[in-house]
Amino acid sequence: MARKDLRYPQNVDGVFYVDRKCIDCERCRRIAPEHFGWDEAGHSWVFSQPETPEAIAACERAKETCPVGAIGADGHLEGPPPIRQLLPGLFALGHPSPLTDDADAYLIVRPDGNVLVDLPAFHQDLLPQLQALGDLRYIFVTHEDTLGEVEDFQLHFGAEVIMHESEADQVQLAVAHAFTGTHAFADDLQVIHTPGHTRGSSCLLWRRHGGCLFVGDHLLPQGDALVPERFDWTYDWDLQQAQARALLAEPWNHAFPAHGAGELPRGFLPKAKARLEAALSSGVRTGA
Ligand code: SF4
């Protein structure tokens, strides 16, 4: 446990601080680089206090995982956003991880075992809430950028990871279901390989509520639609656009992106398939 009387003097005023037990392992600087900096004397310090719930969650995560308890938090904090129900049996998890660039993560609650879609922060407040919603059996990873601390979730819940085989080597533990192509994973679940944003980018279709499609970063909010978007680091833009068109043949209606859900009125987009079809017909703008 950190001691305020041992805090480094250069910590800026505010809730979080680093004390003299710091062993310079870098972990806090990787988890919350906008708040923890390096001092050339060989330790971390807090150069900026967090203000948003997401930033506070990142600093709390750094505090929880500091191997020597050198990070302290002194004062009242507003917690991260709570789990929120989007549709019956479907939840937005609201604890984004800085390791996934704050990706939105979702939980599907189903009789044959719940499915976590992309990784939230491994946050001590979140874990009992996930447990209370039933057996977490699967973790579906849309692509390598949303892995976060997947191994911590695998070990804690005994969950099986589902992701495309071309990116499965990014997981340090065994991936139980390294799939190729598109196929039914269960009666109500279908995995769809949609390469383009990354080589292994994939979507998960949950056949409930008219079809719920979890699109990762394959589609992102743009205007009133979710569409493919091109970046400097896009793996194959032509392939990504072709895969977006191919998705129109699948039975879905609602879409849930890994980024930008907060821009959508309900945290997801109803009638998303029709909007994608209209956007593709009128030409996709690129972000490159
Ligand atoms: S996680 Fe803890 S020990 Fe590691 S650099 Fe940060 S304060 Fe120091």
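Which strands form the open seven-stranded sheet, and in what order? The order is S5-S6-S7-S8-S9-S10-S11, and the pairing is mixed. Two strands count as paired if DSSP finds at least two bridges between them, and the strands themselves are DSSP runs (E, at least two residues), numbered from the N terminus just like the helices (H or I, at least four residues). Strands of a sheet pair through backbone hydrogen bonds, either parallel or antiparallel.

A quick word on what is being looked at. This is a predicted model, in which local features need pLDDT of at least 70 and side-chain atom pairs count only at pLDDT 80 or more, while totals for chains, interfaces and linings use all residues. Residues are numbered from 1 along each chain as its sequence is written.

At its edges sit strand S5 (84-87) and strand S11 (177-179), each of which pairs on one side only. On average, neighbouring strands are turned by 25° against each other, direction ignored. Further in, S6 (residues 90-92) and S7 (residues 106-108) pair in the antiparallel sense over three bridges; Ala 92, for instance, has Tyr 106 in S7 as its bridge partner. Helix H4 (residues 150-157) lies across S8 (114-117), S9 (136-140) and S10 (160-164), and runs at about 165° to S9. Such angles run from 0 to 180 degrees between N-to-C directions, with axes fitted as lines to C-alpha atoms, for helices over the stretch in contact.

Now for the whole chain. Its secondary structure comes to six helices and 18 strands. The radius of gyration is 20 Å, close to the 19 Å that the globule rule gives for 288 residues, so the chain is as compact as a globular protein of that length. That radius is taken over C-alpha atoms, and the rule is 2.2 Å times the number of residues to the power 0.38.

Seven residues of domain 1 are in contact with seven of domain 2, contact being C-beta atoms, placed from the backbone, within 7 Å. On the domain 1 side, helix H2 (residues 53-65) gives the largest share, five residues.

Finally, the ligand is surrounded by 14 residues, the closest being Cys 22, Cys 25, Arg 27, Cys 28 and Cys 66; here a residue is near if its C-beta atom, placed from the backbone, lies within 6 Å.

Methods. Contact = placed C-beta atoms within 7 Å.
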